[in-house]
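Please look over the sequence and the model, then read the points below.

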Amino acid sequence: MENQFKWAVCGLGRISKRFVKVINKLSKNSIVIACVSSSKERAIKYQKKYNIKYALTYKELAESPSLVDAVYVCTNINMHHINVKMFLEKKIPILCEKTFSYDYKTAQEMIETAKNNNTLIMEAMWTKFLPATQYVTEVIKKHNLGKLISFKGNFCAGIGHGPNSRIYKKELCGGSILDLGVYLVHYSLMINGLPNKITTNGKVINGVDRWCNFSFIYDDNVIGHLRSSFKLLEIKEAFIINYENGYIKIPRFFDAKKVIVKTFNQKVIKKFKKVDGFIYEIEHFENLVRNKTLESPVVNYDTTLSVMEILEELNRQLGVTFY
Ligand SMILES: NC(=O)c1ccc[n+]([C@@H]2O[C@H](COP(=O)([O-])OP(=O)(O)OC[C@H]3O[C@@H](n4cnc5c(N)ncnc54)[C@H](OP(=O)(O)O)[C@@H]3O)[C@@H](O)[C@H]2O)c1
């Protein structure tokens with residue numbers, strides 16, 4: 001097909017399969033043309049299973065950048081900065097999985113490399129692109145609900161990963177803060193910007209956190225209570241934003257298909273299409289590349305770096321450092 005957007009998927013783990021499925025099922029004008037792995041053997045196996053044109057190592061893709069329009073980097077978090085720099089230096093635009101990196105310094109280097117090479121990179125915080133999230137931002141902007149009082153968000157998941165998962169391993173930059181807390185931090189910044197103070201408590205096992213309760217404290221006693229955890233399965237809990245004159249409730253905020261806005265005399269329930277939400281960030285990113293835009297207005301570099309700084313602080317308060 002003419003003008004088809006050609007993707008490479010780099011890092012052939014669990015999430016790469018979801019990405020390939022979404023492109024194959026939902027995308028009108030794009031294709032996964034290359035699967036890229038640290039293991040050529042695994043790349044070939046994957047190529048056969050998903051019927052992909054090229055099976056490559058990272059080095060092979062870097063040597064043939066014109067094969068693709070963009071790379072989706074979904075390797076383990078400890079590898080993002082290494083993979084990303086290698087492809088940015090070849091001027092390949094990059095959609096990089098969350099969490100962008102394991103600390104502020106490497107994240108900053110990744111963005112500097114993108115800028116120095118006039119090439120786009122965007123953190124794949126897909127929740128920000130959901131129509132439900134866009135609706136929440138519109139409701140917040142309207143200011144009809146009065147003064148912000150507090151908000152509360154939980155993201156508790158991970159039991160499905162199994163005991164040997166990357167999420168429990170320090171060398172792969174595991175922990176609930178980097179795996180799940182990142183969504184809560186992005187959402188909180190969207191609601192009320194940077195906090196004045198952050199407090200945490202949590203449980204660390206083998207060098208990474210299993211759960212973390214954290215609070216964001218703002219001017220005028222506004223407070224955000226947040227919890228990331230691999231321990232409890234509270235995945236269906238809502239994000240709730242409380243205002244003087246009502247609240248916004250977002251069930252399964254990370255994957256939201258419904259938003260409830262309640263005031264004293266009215267309850268509005270807004271429902272959204274039940275499709276895999278990855279498609280919205282994919283379409284946004286493809287448009288940026290097609291229009292030669294060098295920074296996403298939805299997940300911009302300042303936001304990614306602010307989130308990274310906060311995640312590093314949460315880990316620091318629990319005594320967790322990487323490298
Ligand atoms: N946006 C989301 O909803 C979402 C959800 C889950 C994860 N993620 C993010 O995506 C990234 C990867 O997560 P994941 O859950 O896909 O991790 P995973 O399944 O553990 O895969 C991680 C990496 O391990 C390597 N790998 C895969 N199978 C392997 C095998 N049999 N032997 C040795 N190595 C193997 C792959 O890299 P190579 O093929 O290059 O070796 C792969 O990229 C992380 O940054 C994570 O935070 C995002």
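The model is predicted. The protein has 9 helices and 14 strands. Its radius of gyration is 20 Å, close to the 20 Å that the globule rule gives for 323 residues, so the protein is as compact as a globular protein of that length.

**Overall form**

- Of the 323 residues, 43% count as buried.
- Among contacts between residues at least 6 apart in sequence, 66% join residues at least 24 apart.

**Two domains**

- Domain 1 is assigned residues 5–125 + 278–295, and domain 2 is assigned 128–275 + 307–317.
- The centres of domain 1 and domain 2, taken over C-alpha atoms, are separated by 26 Å.
- Where the two domains touch, 17 residues come from domain 1 and 15 residues from domain 2.
- On the side of domain 1 that touches domain 2, the elements that give two or more residues are α5 (104–116) and α8 (278–290).
- Helix α8 supplies the largest share of that side, with 4 residues.
- By class, that side of domain 1 holds 9 nonpolar, 5 polar and 3 charged residues.

**Around the ligand**

- The ligand is surrounded by 20 residues.
- The closest of these residues are Gly11, Gly13, Arg14, Ile15 and Ser37.
- By class, the shell around the ligand is made up of 6 nonpolar, 8 polar and 6 charged residues.

**The largest nonpolar core**

- In soluble globular proteins, nonpolar side chains tend to be buried together.
- In this protein the largest nonpolar core has 96 residues.
- Val9, Val36, Val71, Ile94 and Ile121 are the residues with the most contacts inside this core.
- Helix α7 (residues 176–192) gives the core its largest share, 8 residues.
- Both domain 1 and domain 2 take part in this core, each with at least three residues.

**Val9, a buried residue**

- Val9 is placed in strand β1, which covers residues 5–10.
- Val9 counts as buried because it has 26 C-beta neighbours inside 10 Å, and the cut-off for buried is 20 or more.
- Leaving aside neighbours within four places in sequence, Val9 is in contact with Ser16, Phe19, Val20, Val32, Cys35, Val36, Tyr72 and Cys74.
- One of these contacts is Val32, which is 23 residues from Val9 in sequence and 7.0 Å from Val9 in space, C-alpha to C-alpha.
- Val9 is also among the residues with the most contacts inside the largest nonpolar core, as is its contact Val36.

**Asn29, an exposed residue**

- Asn29 lies in the loop between α1 (14–26) and β2 (30–37).
- Asn29 counts as exposed because it has 12 C-beta neighbours inside 10 Å, and the cut-off for exposed is 12 or fewer.
- Asn29 and Thr119 are 90 residues apart in sequence, and their C-alpha atoms are 22 Å apart in space.

Key: Residues are numbered from 1 along each chain as its sequence is written. This is a predicted model: local features need pLDDT of at least 70, side-chain atom pairs count only at pLDDT 80 or more; totals for chains, interfaces and linings use all residues. The radius of gyration is taken over C-alpha atoms; the globule rule is 2.2 Å times the number of residues to the power 0.38. Two residues are in contact if their C-beta atoms, placed from the backbone, lie within 7 Å. A residue is near a molecule or strand if its C-beta atom, placed from the backbone, lies within 6 Å of it. Ala, Val, Leu, Ile, Met, Phe, Trp, Tyr, Cys and Pro count as nonpolar, Asp, Glu, Lys and Arg as charged, and the others, Gly among them, as polar. Domain bounds come from an automatic or database domain assignment. A nonpolar core is a set of buried Ala, Val, Leu, Ile, Met, Phe, Trp, Tyr and Cys residues joined through C-beta atoms within 7 Å.
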